[in-house]
Each structure stands twice: as C-alpha cells, then as structure tokens.
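Student: Could you take me through the surroundings of the ligand in this model, one part at a time?

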Amino acid sequence: MSANTQKPVQANLGAKPRPHIGRRGLHGFLRIREASILVVAILLIIYFESTNANFLSDANLQTLSQFISPWVVIACGEIMLLICGEIDLSAGMVFALAPFIMYFAHDAGLPLIIAFILAIIGCGAIGFFNGFISVKLRVPSFVVTLGTMFLINGFTLTISRGFPVDTPNDAIFSFLMGGGYAEITWAVILVLFMHGMLRNTRWGLHTIAVGGNLLGSAESGINVTKIKIGNFVITGALAGLAGILEASRIGSTDPLAGGSNMMFMAVAAAVIGGTSLMGGSGTIIGGLFGGLMLGVLQDGFTINGINAFTFDMIIGAAILIAMVFNIHFARLRNMGKLK
Amino acid sequence: MSHSQQVHSTPMPPQAAGSQEALRATDIVKRFGAVTALNGVSLHLNKGEMLGILGDNGAGKSTLIKILTGFQAPTSGKLAINGQDVALKSVDHARELGIECVYQDLALVPGLSIYHNMFLNREPLRAGPFRLLDNRQMRNRAAEALEDIGVNIPDVNEEVARLSGGQRQAVAIARAVYSKAKILLLDEPLAAMGARESGLILDLIDRLKKRADLSLIMIAHNYAQTLEVADRIMMFQHGEVTFERASAETSVPELLDVVRQNYKVVRGGA
Ligand SMILES: Nc1ncnc2c1ncn2[C@@H]1O[C@H](COP(=O)(O)OP(=O)(O)OP(=O)(O)O)[C@@H](O)[C@H]1O
Ligand SMILES: [Mg+2]
C-alpha cells in the first residue's frame, strides 16, 4: 500500500481556532514567533538609544540585565508550570525567603556553599509542598500558591523581623554570583538548559503532554503527578536561586525583595514570549525575549524620566498588544505558510 | 442494515489452542462511589483469539478495558495473564506484560506531532549521557507504521489537532499495533471512521488475527461488523455479561433479540 503523503489543505487549517503549539512541525513557525518578540525588543532598544544615547552604555546595560535576570530565571520555572497546566504565585516570595535561609544556615556555622545548597533545597521543598497540595489534594494551584504566597511572605518578615541583613559572601561565591553581568549569565545558561530540556527530553515532552491532555497522558502511562509536582519543585528552586543571585549582587538580603510584582513580571515575560495560559504549549527562549522586552521598556522609560504610573499603563498595554499579536498573527501565519 | 466493507471469510470457531489463555478475568467488580460499573464480570481470552464485546452505553465496557490496561484498579476481582495471576500496578506494568490499548478517547495529545503521539511514554532515546529524544527514529518509524496501514495521513510532523477524527483513530491504532503487543484492546476503534477507513482497519485486524501470538478484544456498536471479524461475542448489560457465544453460532437478529429482551441468563457457548 502506498502512503499517500497528501499536502495538508489550507482550508482545513484556517477554520480551526489556533490549537496548542506543537513541537516539531510547527518548530519553524515557533522560531518565528519567538523571533517576533525579539524584533520588538530590538526595535525598542533602537528607539531608546535614539532618544537617549546612554541607553547602550555599559552601566545601563548592567542595570538592564539586572532587571531582566530574576524575571527570566523565575519565568523558566513558570513556563514549565504553565505548560503543564499549573501556576505558582508564591515564586516572588520564595525569591525573598531563599537568601534568608542561606543567611541563617551560614550564621549557624555551616560553610557558605552548604548553606546555599540548603536554601535551594528548601525552596524546592516549598515547590514540592505547593505541588503536593495542588495535585494530590486537588486544590487549584492558583489558590494553593495564593495561600503560600502570603504564608511565605509573613514567614520571611517574621524570621527577619522585617530588617535586611548582609548577604554572606566569600571569594568563590562572589566570583560566581557577584559582578555586573553574573546574573544575566546565569539566566542565559539556565534558559539554554531549560530550553533543551523542554524540547529534547522526555520530561519536557511529557510536560507538554500533561498540559495538552491530562487524562490521555495518564492513560498512556505518564506519571502526571510526578511531572506536575516536579515542575513545582523546579520553579521553587529557580525562584530561590534568583533570590540568592540578587541578594549576593546587592550584598544585602532584604525581606521586601521580590514579591508578587516579581512573580507577575515573570509570568508576563512567559506569556508575552508565547506561552499559553491554557497549558499545552510554551517556549523557554520566548520567555527570555519576553523578559528582555519588558526590561527594555521599564529601563528605557526610567532613564527617559517617564514616571512609574505611566510605565504601568504602558506595560499593561504592551501585554495586551503582545497577546493579540501572538494569537492573531499566529493564526494568519498558520493559514499562509505551512511547509 | 447497510455495511460497506468487503465480505470476510467465515470466522473460525474459537480454537482450543492447547487451552492456552492470554487473559482471564474473574469476578471483576468496579464501583465509582454509588455507581457500580462492573458487577462481577468474568471472561477469558485465548491466545490468537479475537473477542468482540457489545453492549449498551454505560454498560461498563470501557471500564473493563481500563482495568485491563492497569489504568484503573478493580474494586475486587482477579486477573491472570498467560495463566499467571497478576495485580496490575500501572499502565507501564500492563504494557510490560504485552497489553496495549486504543482507548475510546484515543489518549492523543492534540498539541503534539503525530510522531510524538505515536511514541508517547515510550520514546526512544539517543545514545549518550543526556537521554535526549531520538526524534529522527520516531519520525521514521511513525511514518512506516502509518504507511503500512494505508490510511491517508499528512506527514508525521503534523500536529494531531489538525487531523480528522478518523485520522486520529488511525494514529491511535497504529500506535497500539506497532508496539510489541501480545494482547491488543480496541475500544470502539471504528467509531469515527468512514467506510473506506473502516475497511482498512478491518483488513489490518484480519492480518493481525493471523498472528498466533496476538490476542484481541474489540469493543464495537456495529453488530454485523463485530460478528464478522470476531471469533466470539460477549454482550455487556448494566455491568454484567448477559450473553456469550461463538460468532459462528449466533447472528445479528439473535443479538438484537438479546438486547431487546434484556436477557440476564445464558453463559453458554465457547
Ligand atoms: N471515572 C469514573 N467516575 C465515575 N463513574 C464512572 C467513571 N468511569 C465510568 N463511570 C461510570 O461507569 C459506568 C460504565 O461506564 P463505561 O465507560 O465503562 O461504559 P461503556 O460501556 O464503555 O459505554 P459506552 O458504550 O458509552 O462507551 C457508567 O455509568 C459511567 O458513568
Ligand atoms: Mg466506552
């Protein structure tokens, strides 16, 4: 019997609402979609550079990278969660808690590296808790992590008594964590690693499968509980890492660092980058570009002296435009070209 | 009744096959809260045999299938595979024992490509320490498998979301068939298929039946089709087996009669 490799007919594609984004097949198209956000970011950079010659100065690039990095690191986790149909609202509070865990562990006499590892494990454990309550006890993660968001914030404020402390440091640590571009270097390494994991490993594939068809994934034998809880653990650990990176750079551990604003920026970066809030599709690289775009906006308006209120309106509009753009242009592209 | 598929040769009566049993389920009960989906179902499946299961909506057919794939645990009852008692711990466990299934809902992920769906949860990995997916192998083997069935499928990179209902069914069937199945469970595999595609799948089933090491259970709603292709017929009603007979010894009118009168007897035949 001959395989009739029929060319997909265009008519049957346009009619459907844009389905979940696949991996292969749509890969080229996905790249374009990620690239479109990058193009917007670059256009914004050109605009800000033309209105303010300091925009591309080394000092400002450092500032910019420091805006972006924590969003992007947290977004890596949030994207995995969003893809498998969950969300973590507590990540910004875990961000603030992590360096305190490190601080107190170090204060108790543990070597810094051990204190660091303990803090990351602790944040992973918070992720596990979030995941366990969401998946095993079947409370929507939006609600669970809303609860832990307040809980962790209160906890951090309690153990710190509301005051910042000096972030412990040593030579190796400041080499790895300090320096103007250390955070963005970490962020980019993590993005590449997570991108590879999402695209090329069973974990990544199963994360997409679980978000795309939960029951079908389970019927296929995928351990959906493991995938979901695992991605909560990843998000917790990454949020903790982002918090420690920032605390190490600044040299001060602030109980008011991060917060829900940090988490929302990470989620916004994810969504602007092309990750679906409905689950089943997403891209890590897109999250990096989404974060870049948000950072360029924030930084550009700041150095141009536009006030914070205006900035919030512009961010809001940018998110709306990006979403409309993503959904509609994706559909147009779908109809137009499909190898 | 109009049936468009070609006429198959008269089915053989269920063979003794050295009393070799692929599968035996004894007194399976499954309750979902107040609902009793299966109320003491027993059945066996001989090696190389094809069993057709008919029954009303909600009779418990799919529930039985999900118990046989290890997806759901029975409330009570026993399973034996190849004469050995087993308690299926998971879908993977059942799969290790050679049980493969085309679920009624197909268990496909719309956002993934055809080839990723074909290898869902059994993805081949590339050599090396990173345990990366071997996408090329998946693509090639998926294309081969679909070509072999002959159903019209655009290329394997296509997202399942873009396939028609019948095409999706073909993908799900190809996935189950081209694994190392010894016991193949088909839950309404022809439900969304056109006449030509049904014919192709029935042809495929005919070819599979020639394999002495493969046993099949097919759930269907089309009596004539099932009678033609299966060696033996079972009827499910309200979570119980109400009729069982070799296909050669029964007929569509008799089956319709059983349904009409809602017999709760006969466990003869075979
Ligand atoms: N997960 C579940 N939770 C609660 N009740 C269930 C569940 N699965 C099945 N049931 C119930 O069990 C009974 C049998 O369902 P089942 O799907 O096995 O029927 P079926 O014979 O496959 O029907 P159909 O021909 O419509 O596919 C139904 O009453 C159904 O509502
Ligand atoms: Mg059913």
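**The shell around ligand 1**

Tutor: Happy to! In chain B, β2 (35-46) and α1 (61-68) each contribute at least two residues to the shell around ligand 1; helices (H or I, at least four residues) and strands (E, at least two) are DSSP runs, numbered from the N terminus. The model is predicted, so to speak with care: local features need pLDDT of at least 70 and side-chain atom pairs pLDDT 80 or more, while totals for chains, interfaces and linings use all residues. Residues are numbered from 1 along each chain as written, chains are lettered from A and ligands numbered from 1 in written order, and side-chain values use heavy atoms, without hydrogens and water.

The biggest share of the shell comes from α1(B), with three residues. A residue counts as near if one of its heavy atoms lies within 4 Å of the molecule. There are 14 residues around ligand 1, and Asn57(B), Gly58(B), Lys61(B), Ser62(B) and Thr63(B) come nearest.

Three of these also make polar contacts (pairs of N or O atoms within 3.5 Å). A side-chain N or O atom of Thr63(B) is 2.5 Å from a ligand oxygen, a polar side-chain atom of Lys61(B) is 2.7 Å from one, and a polar backbone atom of Gly58(B) is 2.8 Å from one. On its own, ligand 1 has 630 Å² of accessible area (Shrake-Rupley method, 1.4 Å probe), and the protein covers 64% of that.

Key: A polar contact is a pair of N or O atoms within 3.5 Å; within protein, one must be able to donate a hydrogen and the other to accept it, and residues adjacent in sequence count only if both atoms are side-chain atoms.
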